Amino acid sequence: MDIAGKTAVVTGGGSGIGRSIALALASGGCNVGVADIEMDAAEGVAAEVEAAGVRGAAYEVDVTGEADVEALAERSFGDFGSVEILVNNAGVLSRPGPLLESSASDYDWVFAVNVRGMLNGIRCFGRRFAASEGPCWIVNTGSEHCLGVPHLYSGLYTASKHAVLGLSAVLRGELPDHVGVSVLCPGLVDTGIWRSTERRQERFGGAADADPASAAITRLGMAPEEVAARVVEGIRDEIFYIVSHSHVIEFARSRWEEIAAAFEAQAPRRPGDEEYSVENVMARLTGGS
């Protein structure tokens with residue numbers, strides 16, 4: 001997909017990976033609406049977008065509210081005339097700790113932002129994309145956690161990112177051909193996501209101190225500009241899995257090998273074993289076989 005002359009909206013665009021994606025898209029000739037829960041941050045990045053010679057706009061949005069995201073879609077389509085790219089990037093990370101010690105408010109917050117927030121974007125923008133005629137694209141920011149990375153003490157974040165992969169995989173099969181989908185699966189990146197708890201909304205328990213150990217670890221991550229470059233390439237080349245950290249393939253391979261071994265030991269392939277596949281069952285129900 002050619003991004004030049006198109007318009008993108010990037011949620012969580014005020015900092016980190018979102019900011020870098022917004023600027024990378026702008027460098028490629030794409031207008032960008034920068035959406036963030038912090039308006040000052042969004043305005044700063046929108047100014048950087050315009051300095052690249054394209055149109056920029058800033059929007060304050062809390063992605064956990066569908067009405068907020070619907071308003072974002074209405075305003076951005078109205079301001080730019082059209083939007084062809086959505087980067088669902090807003091995400092949070094709770095303080096690390098054992099799952100047995102996690103709280104209901106931690107769960108509600110992480111899933112409200114990382115999953116429901118993404119689904120809000122998918123619905124509000126995706127419906128408009130599906131009704132359009134030109135090429136459109138949706139990028140959902142996942143994580144290496146999508147691919148099976150078993151980081152201890154990040155269970156809620158890991159579960160939410162598995163959900164992102166599931167949403168993305170189903171979505172690409174349901175959308176019309178002119179709307180594409182990517183899931184971004186980066187590893188450790190030097191961003192401020194470790195500060196997420198400092199901005200947690202009151203209805204999810206309110207702000208809390210960030211974890212200094214997470215800060216030290218995150219600062220040693222890949223530059224977000226490198227990840228953003230992969231995102232632009234992924235949109236242009238129409239790739240579903242956008243990856244950036246080559247070592248993560250070993251985690252994915254380890255997961256697959258364990259799955260394959262389980263099937264070999266417990267349910268090896270046999271003639272006619274497709275009897276219970278959903279496709280065949282549906283075909284029988286509809287008289288297809």
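# A walk from a helix pair to the sheet

Start by selecting Glu66, Val69, Glu70, Leu72, Ala73, Glu74, Ser76 and Phe77 in H3, which meet Asn120, Gly121, Arg123, Cys124, Phe125, Arg127, Arg128 and Phe129 in H4; contact here means heavy atoms within 4.5 Å. Sorted by type, the residues of this contact are 7 nonpolar, 3 polar and 6 charged. Ala, Val, Leu, Ile, Met, Phe, Trp, Tyr, Cys and Pro count as nonpolar, Asp, Glu, Lys and Arg as charged, and the others, Gly among them, as polar.

A word on what you are viewing: this is a predicted model, where local features need pLDDT of at least 70 and side-chain atom pairs count only at pLDDT 80 or more, while totals for chains, interfaces and linings use all residues. Residues are numbered from 1 along each chain as its sequence is written, and side-chain values use heavy atoms, with hydrogens and water left out.

Helix H3 (residues 66-80) packs against helix H4 (residues 104-131) at about 35°, with the axes 8 Å apart. Axes are lines fitted to C-alpha atoms, for helices over the stretch in contact, and angles run from 0 to 180 degrees between N-to-C directions. Helices (H or I, at least four residues) and strands (E, at least two) are DSSP runs, numbered from the N terminus.

Next, colour the strands. Here 7 of them form an open, parallel sheet in the order S3-S2-S1-S4-S5-S6-S7; two strands pair if DSSP finds at least two bridges between them. Strand S3 (56-60) and strand S7 (241-243) are at the edges with a single partner strand each, so one side of each has no neighbour in the sheet. From one strand to the next, the twist averages 20°.

Zoom in on strand S5 (residues 136-141) and strand S6 (residues 179-185), a parallel pair with 6 bridges. Pick valine 139 and look across to S6 for its bridge partner, serine 182. Then bring H4 back: this helix packs on the sheet, touching strand S1 (7-11), strand S4 (85-88), S5 and S6, and its direction makes about 175° with that of S4. For another helix, select H2 (residues 39-51), which lies across strand S2 (31-36) and S3 and runs at about 170° to S3.

Finally, zoom out. The protein's secondary structure comes to 9 helices and 7 strands, and the C-alpha trace spans about 60 × 50 × 35 Å along its principal axes. Of the 289 residues, 47% are buried, meaning under 20% relative accessible area (1.4 Å probe, protein chains only).

Conventions: Buried < 20%, exposed > 50% of the residue type's maximum accessible area, 1.4 Å probe, protein only.
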